[in-house]
Structures are given as structure tokens and as C-alpha cells.
Amino acid sequence: MDALITAAARALGEGDPLGALQRVALREDAPALAVRGIAMAQMGVFEKATQLLRRAARVYGSSDALARARCNVAEAEVALASRDFGGADLTLGEALRTFIRHGDSQNARYTRLLQARRALLLGRVEEAEQAVAELDLLGAPAMTLAVAHLLELEVALRRGATRAARIALEHARSAAERARIPSLDAEVEHAARVLSLPAARVIVRGEARQVVLDEVESLLGSGHLVVNACRRTVHTLARVVTLATRPVLFDLLRVLAEAWPGAASRDDLARHVFGARRVDASYRVRLRVELGRLRAQLRDVADIRATPRGFALTPRHSMEVRVLAPPIEGAGGAVLALLADGEHWSTSALALVLGSSQRTVQRVLSSLAEDGQVRALGSGRARRWVAPPVSGFTTTLLLPTSTLFE
């Protein structure tokens, strides 16, 4: 590797893409193409970056498998940054095997970080957590350490473990200070702000108040019966009941929980849950059937008793009821949470992450666009969706951890 390429690579490692381009802007050899591609990616020019990296991989050819693998990893990273998930997993897996075979531990480590990042973007929190836990960070450069700790932070936030998130934040901040890369410092400070912003609302006896992530964690460990509308689960100290795939049952439960300690009328339940305009006998029969199913799901944590007015939720062991509500209500909440990262998302990428059909996501996007909350760029297969930054609260608890989108 010649001196100019070495200097350009050092500039990239320090977060200085313009400095790297100044050294190799007019060169067409494979190393220079790769450096130019990475520099373009750092500046956010993803389409040009992909073209340059593919040209570099072709010039390297099959004679230099290690260099070609590095180009492929860089291209996969650009794809993840532009929210293109197709083929990235296969590319990263093949590159990782090449790095291991050639003893390139540094690039193998970084490839594992990208695999964890991809899993987290797709809502596969357990997979990302395991990948980060298995990383060997001994002797890793400061930039890699900062990225790894930021991933630990994001996993902890998805888990609602704010204490672990704060520890990861301090480690990430320390590593970023050593790395001296402005963009990395900015990413760490953005993550720090998330911990101090309101993340949800707690509803008790009809009154709502905003809470930050620390308060959410305390609430889930408080011993109350918590109806978590962010994840469609029911929490007690002894058990967590998930209703993520049973939206009708969860909607019934939420109406009952918000009415606690009083009762919710039969007509209110039918209107809120089934969308009934006129509640007749058929709706009341359906209501009894669904309430029977809900009783079976909650048998270890609560009962649902009939009252002259309707139905009331009765927690076991004299627990009180709390409703943890998301900051954004409705089907568009999860979509807005994903778009809040400021990147351009395709409909197919949103559908993949949310575990829904593209048609369903398109309907939600159209509704949000009518309200001016999102906008489309381009047309046809090149269309991408963006949203203005969400201010005043964090959408962390709205990000999917599994198939929660109905």
C-alpha cells in the first residue's frame, strides 16, 4: 500500500472523508476506488459510494479475496445506512468467513458489529444482544469500542434496562473521546439525550403523565399490574403475559385497565374495540366470547368480573393497575418511530422490520402523508419515505422487538 492510500485510510479512520478524497480523488486503481467509496459513504452520498465500492471489488477480482471482502463489507454497511436489507446478511457472512480464514481479526470484529447492527434494525434484539456479547474487544481501536458500546446501549434501551444503558453510554462516551471523531461524538450525545426525554405516558385512574425511560423501568419492577401498550404485554413481578399477536384481546384489556378501579360499560367496550356504531345483541355475544379468551390469558395475574354496568378488571394480590401508553397512538406510531432516525426508508424495508405486508404499510404511510407527518421522495421502486425529526419525546419504546405491527 503506497503512502497516499495509507494517509487516506488514516483520514477515514479519523472521520475526515474530505481529507481522504484530497489524496485519491483522481486515482482509478482498486485501493483508491475503495477509499473514495468509503469517503462518499461517510458524507452520506450512498448511491455513488455503492458504485465506487463495486468497481473496486471488480478491479480486485478473485485474485485478492481479502481486499474484495473488505469492499463487500463496506458496501453492506452502505446498504444498511440506506436501509436496504436485501442480501446484506449473506454478504456479511461470506466476508466474515474470509476474514477468519485469513486471520484478519480487526475486520472480522467490525463485520460482527455490522451483523449486530442489522439484527437490531430488524428488531431482532436477542440476536443483536448475543452478537455483541460474543465480541472480542481486547485491543480494539477506540472507534470500534465506541460503536460496540453504542450497540450495547441500544440493546439495553430496547430492553427497557436504563441502568445498563447508562453504563454503556459512559463507556461509549469515553471511547469516543479517545477516537476524536466529531460524528461519533455527536452520535453519543444524541443517545444521551434519548435517556432524558419523555418516552411514554402512565395512565392511572384516568389521569396521564409523561415519564422518562428510568421511570418506565421502575414502573415495570414496581409490583403493580402494568398494561404495556408500547409492547402489548401485561407485567407483574412474577410474570409477563404477551398479547402482541392478539390485538382485540389487548384492546379490551386496555379499556378495562383505563377504567380501573371502576368498570367499563358493555357499550363502551364494543365501540372502542369493535368499532361498533350501534351496539346490538351480536356485538354483546362477541364481547362475551372475547372476554372469556382474555380471562384465560390473564388467569394467573387478574380476573375480569361482570358488574351491573359492564365489566371490571380485578388484579390478584391487591395490586394496583397502571397503563403504560406510547407517546404516539395509532398504527402510525411504529412507522414514525423507524422514520425518526432521519434515514430514507423504502416501503419494503419498513414492512420487513414491522413484520407486516407492504400494502398495510403503504396504507399507514398514505394516512401519515395526508396529515403532513411523512413525505415521499422519488417514485416507483425508487420511492423513499422520510419524516421530520420527532422532538419533545423519544420513540424508543415504539421500535419493534418482534412482530408487533398489526
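**The predicted model in questions and answers**

Trainee: Which residues have the most contacts inside the largest nonpolar core?

Mentor: The largest nonpolar core has 35 residues. Such a core is a set of buried Ala, Val, Leu, Ile, Met, Phe, Trp, Tyr and Cys residues joined through side-chain atoms within 4.5 Å; buried means under 20% relative accessible area, exposed over 50%, and partly exposed in between (1.4 Å probe, protein chains only). The residues with the most contacts inside this core are L256, L294 and L313.

Trainee: Which element gives the largest share of this core?

Mentor: The elements that give two or more residues to this core are strand 3, helix 13, helix 14 (266-274), helix 15 (281-298), strand 7 (302-306), strand 8 (310-315) and strand 9 (321-325). Helices (H or I, at least four residues) and strands (E, at least two) are DSSP runs, numbered from the N terminus. The largest share, 7 residues, comes from helix 13.

Trainee: What kind of model is this?

Mentor: Residues are numbered from 1 along each chain as its sequence is written, and side-chain values use heavy atoms, with hydrogens and water left out. Local features need pLDDT of at least 70, side-chain atom pairs count only at pLDDT 80 or more, and totals for chains, interfaces and linings use all residues, this being a predicted model.

Trainee: How many disulfides does the structure hold?

Mentor: A disulfide is a pair of cysteine sulfur atoms within 2.5 Å. C71, with 4% relative accessibility, counts as buried. The number of disulfides in the structure is 0.

Trainee: Which residue in strand 4 is the bridge partner of V227?

Mentor: Strand 3 is covered on both faces: L225 and V227 on one side, V226 and N228 on the other, are all buried. Two strands pair if DSSP finds at least two bridges between them; strand 3 is joined to strand 9 by 4 bridges in parallel, and to strand 4 by 3 bridges in the antiparallel sense. With strand 9, V226 has R322 as its partner. In strand 4, the bridge partner of V227 is V234.

Trainee: What phi does R232 have in the turn of the hairpin?

Mentor: Strand 3 and strand 4 form a hairpin with 4 residues between them. R232 lies in the loop between strand 3 (225-228) and strand 4 (233-235). Although the residue is not a glycine, its phi is positive, near 55 degrees.

Trainee: Is R180 buried or exposed?

Mentor: R180 also has a positive phi, of about 55 degrees, without being a glycine. Its place is the loop between helix 10 (162-179) and helix 11 (182-196). With a relative accessible area of 70%, R180 is exposed.

Trainee: What omega has the cis peptide bond of W260 and P261?

Mentor: P261 lies in the loop between helix 13 (247-259) and strand 6 (264-265). The cis bond joins W260 to P261, with an omega of about 5 degrees.

Trainee: Within what arc do the buried residues of helix 18 fall?

Mentor: In helix 18, T360, V361, V364, L365 and L368 are buried. Taking the directions from the helix axis to the C-beta atoms, these residues line one face, because they fall within an arc of 135 degrees.

Trainee: Which elements do the buried residues of helix 18 pack against?

Mentor: On the other side of helix 18, R359, R363 and E370 are exposed. The buried residues pack against helix 16 (332-339), helix 17 (347-354) and strand 11 (384-386).

Technical notes:
Contact means heavy atoms within 4.5 Å.
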